[in-house]
Amino acid sequence: MIEIDGKQTPAEGSVLDACRRTGAELPAFCHDQRLGAGGHCRACLVEVDGRVVAACSTPAREGQRVATATEQLRAYRLDLAELMLAEARPSDRAGRTLAALGARGARYPQLPRRARHDASHPYLRLDLERCIDCRLCERACAGLQGQFVLATLGRGASTRIDWGASDFSATDCVSCGTCAAVCPSGAISDVDRLRSTELPEERIVRTTCSYCGVGCQLDAHVAGDDIVRIEGAESPVNQGSSASRAATRTASLGIRNG
Amino acid sequence: MNLREWARRRAGAPEPVSAVELLLDPRSGDCAGYPPVWLEGIRSFYDYLGEVEGTERSCVGTACHFARQAPASGREVRCLGRCYEAPVSTATPSAPIPRSSLAATPVILRHLLEGSGPAPETEYAALPDGSTILRAVTDAGLKGRGGAAFPTGAKWRAARETPAPDRYVVANGHEGDPGSFVDRLLLEEDPHAVLAGMLACARAIGAARGVVFIRREYDRAQQTMRAAIHWAEDAGYLCGFQVRVVSGAGSYVAGEETALLRAIEGGRAEPSPKPPYPAVKGLEGLPTVVQNVETLAAVPWIVKHQLRADTKVVCVTGGVARPGAVEIDLGTTLAEVLERGCGGPSGRAWKMALVGGPMGRVLPASAFGIPLSFEALPGTGHAGVHVLDERFSARALAEHLFAFAAAESCGSCSPCRIGTVQLSSRRDRQQLERLLTTLELGSLCGFGQGVPRPIHDLLRHFPQELFP
């Protein structure tokens, strides 16, 4: 067993996994269970037996005691959040988390904006001003889909994600939507998601894709009688991924919430 | 699927060149199956990719920065390992590296001092079996000379005991720390000692392949090491151990061991989280021992004599009469190194010294009595010593270190990517210390974690000069 803020849980997986199991609130922007620890965002720092480490890349060991909210860690997270807001203007999950940490974006001088927007693609929208360089899109594109559409360019403060063409629609993107699904900052979104943010009564219905015999599990986001968005669901078959036709052709699926 | 596998399938080539090798040759406009945007990602990470060979660059490493009266013009390079003749540029040829010893028994420089012992080539044949080598290295208490001072024997044992079909030995010749040139000295003038050390490691851990990773700035070291490998192969000394030289492409962080493995694979030299450690999972997923050049050079001597090698080569530059590489017994005081080894001050009185490069320590002259050892002065990295005399301010050194940190941060983790460019914007001590803590606690690798180290020292010893 491993102890997280006084709560016991089996010492399995990473310290971050263990924290999630006990319900400890720990920000983590660059983590995806399917991709393993990226170690990029450094938001999930915790104290393990007195040592400060990143929870995502630290294996949970028997008998460890973990503190997730010491004074030092709170101060660290706020400062990191302030730094992140000097670089980007994230929305979505990342934006909400940074605000919840108390960051207002006033502590550090703003760095030059990365003003790159793209609306050329039929389903995907890109706005790099929101990007926090978590690398999830790049890693998901390569590691989950075996595509190399998105890549990180530059070094140091000029590091940024890019797609190499002037229009995103000119890339070899297969429109699977995985990048938009993993993006925590709103930098990459799909048009369905953009629309769905305006629908307060949205709920999620787990369903099975009917396109082929694989049996991918999908989460249909439903508002009223309409499917507003389809996402690959966590299941042993498709592990959160989905084929492009399933993710982007919600209308043609003809599924209705029954 | 990894990038190289993708390129292999696209290009239909049996074994594609690494992306870095591809880009190091600017004449080739071919993508060799790599996605162009990924090639651009790699090109834009490094300093030298796509550059015409022979482009002149002025060195702005610590010694050259402070030796130069006016700002450097044109393109820059952060250290050519010629700090003893600072300031330099790539346009002028290098003078030989001055070397000497204060050690009772010189080990690292054993073949490089006047009247030195038997020819280096004899060391290959003298190597015993792997278990004997591992025991000798462990018993000698050898610690890594690259900066982390990790016990070498323990690292080798971890690699040996990890079940795997093959293993790798990697010599880290990416001497990025401005002010250090011992690796260059060894690679250029005693490559057989380094290669024999690699062969010893290969035998101890059961590795069939090795890589010598040498930074792009060290052209001549790459040539001499390649020639040494050919010679040793032809002479039959390597007994099937396959070694190749891989060139860096211009990035300080590539010296960090996990970043270095990425660089060898041809990608962006960004560190990855540990565990897994390279000794368990490194190149091609195989157990890989990454060892600094200076550490490896000591190994044949240790194995032969079955003795401890408690010496270190200290590279001294700046305000001393005779700058150069000095081998010392660990525990020798800094004052003794500067006075006896380097002839004392070159003119003006000493003010402070930066020990161990941009992630090292700053000592005021009043503290030069401190012994140089892993215990007495932790965090001194590769132990380059740059002495600053009274003309230079602590603020100037801090600004130099801030600029270095911002220029060389790889950008992979948030605190270091955003924090290093914010260092110079901090207007009071409290603001700066808060940012230093964030860098120290949060950064993924030793770079961001180490950037605050000399700044803390400057704040401790020269608070008035930093924030008047």
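Residues are numbered from 1 along each chain as its sequence is written, while chains are lettered from A and ligands numbered from 1 in the order in which they are written. As the model is predicted, local features need pLDDT of at least 70, side-chain atom pairs count only at pLDDT 80 or more, totals for chains, interfaces and linings use all residues, and side-chain values use heavy atoms, with hydrogens and water left out.

User: In the open sheet of 5 strands in chain A, what is the strand order?
Analyst: Strands here are DSSP runs of E, at least two residues, and helices are runs of H or I, at least four residues, both numbered from the N terminus. Two strands pair if DSSP finds at least two bridges between them. The pairing in this sheet of chain A is mixed, and the order is 2-1-5-3-4.

User: Why is one side of strand 2 and of strand 4 of chain A left without a neighbour in the sheet?
Analyst: Strand 2 covers 7-9 and strand 4 covers 51-54 in chain A.

User: What angle does helix 2 of chain A make with strand 3 of chain A?
Analyst: Helix 2 spans residues 71-87 and packs on the sheet. This helix touches strand 3, strand 4 and strand 5 of chain A, where contact means heavy atoms within 4.5 Å. Its direction makes an angle with that of strand 3 of about 165°.

User: What order do the strands take in the open sheet of chain B?
Analyst: This sheet has 4 strands with parallel pairing. Strand 6 (242-247) and strand 7 (288-292) of chain B stand at the edges. The order is 6-5-4-7.

User: Which residue stands opposite Val170(B)?
Analyst: Strand 4 (residues 168-173) and strand 5 (residues 209-214) of chain B pair in the parallel sense over 6 bridges. The residue in strand 5 opposite Val170(B) is Val211(B).

User: What area do chain A and chain B bury between them?
Analyst: In contact are 44 residues of chain A and 45 residues of chain B. Buried area is the accessible area (1.4 Å probe) that two parts lose on being put together, summed over both. Carbon and sulfur atoms hold 58% of it, and the area is about 3400 Å².

User: Which residue of chain B meets Asp79(A) in a salt bridge?
Analyst: A salt bridge puts a side-chain nitrogen of Lys or Arg within 4 Å of a carboxyl oxygen of Asp or Glu. The count between chain A and chain B is 6. For Asp79(A), at 3.8 Å from N to O, the partner is Arg434(B).

User: Which element gives the largest share of the side of chain A that touches chain B?
Analyst: Elements giving two or more residues are helix 2, helix 4 (136-143) and strand 8 (151-153) of chain A. The largest share is 8 residues, and it comes from helix 2.

Key. Axes are lines fitted to C-alpha atoms, for helices over the stretch in contact, and angles run from 0 to 180 degrees between N-to-C directions.
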